[in-house]
Amino acid sequence: MDYVSALVPPLVMAVLFILLVRTIVKSQGGANKAKEDAAVDAVLARAESARQQN
């Protein structure tokens with residue numbers, strides 16, 4: 001039974017990692033992409049205007 005207790009933590013971490021990657025991939029594109037692009041554009045525009053004022 002020692003082998004079971006040795007294998008459980010890596011299996012749990014592997015499952016959590018797969019779920020994390022799946023969530024990241026699913027959140028790319030679609031309606032979220034437009035919101036993310038708009039947020040990035042706003043930040044870049046703000047940084048550009050601040051740089052030009054200095």
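Which residues make the nonpolar surface patch of about 1100 Å²?

**View 1. The nonpolar surface patch.** The patch is made by Met 1, Tyr 3, Val 4, Leu 7, Val 8, Leu 11, Val 12, Met 13, Val 15, Leu 16 and Leu 19. Patches are made of residues with over 30% relative accessible area and no salt bridge, nonpolar side chains (Val, Leu, Ile, Met, Phe, Trp, Tyr) being joined within 5 Å; a salt bridge is a side-chain nitrogen of Lys or Arg within 4 Å of a carboxyl oxygen of Asp or Glu. This is a predicted model, in which local features need pLDDT of at least 70 and side-chain atom pairs count only at pLDDT 80 or more, while totals for chains, interfaces and linings use all residues. Residues are numbered from 1 along each chain as its sequence is written, and side-chain values use heavy atoms, with hydrogens and water left out.

**View 2. Val 15 in helix H1.** Val 15 lies in helix H1, where helices are DSSP runs (H or I) of at least four residues, numbered from the N terminus. At 48% relative accessibility, Val 15 counts as partly exposed, a class between buried (under 20% relative accessible area) and exposed (over 50%), with a 1.4 Å probe and protein chains only.

**View 3. The bend in H1 and the residue after it.** H1 bends by about 30 degrees at Val 8, with a proline, Pro 9, following within four residues; the bend is the angle between axes fitted to the seven residues ending at a residue and the seven starting there. Just after H1, Gly 29 takes a positive phi of about 80 degrees.

**View 4. The surface of the chain.** Buried residues make up 0% of the 54 residues in the protein chain.

Notes:
Helix = DSSP H or I, 4+ residues; strand = E, 2+ residues; numbered from the N terminus. Patch = residues over 30% accessible without salt bridge, like charges linked within 9 Å, V, L, I, M, F, W, Y side chains within 5 Å. Areas by Shrake-Rupley, 256 points an atom, 1.4 Å probe, with all protein chains shown as cover.
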